[in-house]
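Subject: Structure for your review

Dear colleague,

My notes on it follow.

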Amino acid sequence: MTKFDVKHTDTLLTTTRAVRKRLDLSRLVEEQQIEKCLEISQQAPTGSNRQGWQWVVVTDKGKRRIIANYYRQGASNYLEDGKNSARDKGDDQNFKVFESAQYLADNMEDVPLLVIPCIDTSHMSLNAPARKWLSLGGSIFPAIWSFQLALRARGLGSCITTLHLAYEREISKIIGIPETFAQVALLPVAYTKGTDFKPAKRPPVSEIIHWNSWE
Ligand SMILES: Cc1cc2nc3c(=O)[nH]c(=O)nc-3n(C[C@H](O)[C@H](O)[C@H](O)COP(=O)(O)O)c2cc1C
């Protein structure tokens, strides 16, 4: 049986953060690194074992610029309102998140790689019940997270973003994504400046666990 180094495994799982300001925009990312991380992510679980995903990796500068412009359009009011609201509430942690999200939006085209995970929706009807849409999303986010963990293990970082989805159609046209595939996220990927990330502040498990009954 494989024996895992639990300490290292737990560190990987608890320190894989949304990286924005510490993405190294000046360092190239080798294609083989991305291919390996995607290969690893393919082991993730999916509903009906369907693996109905495709991954678009955008390195072309012109395309990155266009995607970044759409991202900023999708982000503008949301990030400004979020920052102001966090400031008014004295919520330092979320103020920092919105500030860093603004930095990413401002610099998106300079991130060396933009990875867009897409999922096949051809078997879905538009009026499918919510549980089916939830399962569809649940059939790609485990792979996205595996991809991010594999990146982190190699000194690379990323951040799940979705603000570009307001312009999903426009972006799909530019990069030729078929209408039967939905974009799920946009992952800016780069080497990180330093590799010492820390666990985030989260509520204690006692506040979220329910043994046998919700009460
Ligand atoms: C479904 C989803 C959508 C997200 N969308 C964005 C986004 O559009 N832009 C962004 O900067 N961060 C986005 N994030 C990252 C979150 O802001 C981040 O995960 C959260 O602040 C917690 O930070 P941590 O991952 O470092 O713990 C998204 C995360 C998830 C899971």
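At what angle do helix 3 (residues 61–89) and helix 4 (residues 92–107) pack, and how far apart are their axes? In this predicted model, the angle is about 160° and the axes lie 9 Å apart. Helix 3 is therefore roughly antiparallel to helix 4, since angles over 145 degrees are counted that way. The crossing of helix 3 past helix 4 is left-handed.

The contact between the two helices involves several residues on each side.

Helix 4 itself has 16 residues and spans 23 Å from its first C-alpha to its last, close to the 22 Å expected at 1.5 Å a residue. Which of its residues are buried? In helix 4 these are Phe98, Ser100, Ala101, Gln102, Leu104, Ala105 and Asn107. Their cover includes helix 3 and strand 5 (187–191).

A further point concerns a loop residue. Ser48 is located in the loop between helix 2 (31–41) and strand 1 (53–58). Because its relative accessibility is 65%, Ser48 counts as exposed. Ser48 and Ser139 are 91 residues apart in sequence, and their C-alpha atoms are 9.1 Å apart in space.

With kind regards

Technical notes: Residues are numbered from 1 along each chain as its sequence is written. This is a predicted model: local features need pLDDT of at least 70, side-chain atom pairs count only at pLDDT 80 or more; totals for chains, interfaces and linings use all residues. Side-chain values use heavy atoms; hydrogens and water are left out. Axes are lines fitted to C-alpha atoms, for helices over the stretch in contact, and angles run from 0 to 180 degrees between N-to-C directions. Helices (H or I, at least four residues) and strands (E, at least two) are DSSP runs, numbered from the N terminus. Angles under 35 degrees count as roughly parallel, over 145 as roughly antiparallel, 65 to 115 as roughly perpendicular and the rest as oblique. A crossing is left-handed if the near helix is turned anticlockwise from the far one by less than a right angle, and right-handed if clockwise. The expected span of a helix is 1.5 Å times one less than its number of residues. Buried means under 20% relative accessible area, exposed over 50%, partly exposed in between (1.4 Å probe, protein chains only). Contact means heavy atoms within 4.5 Å.
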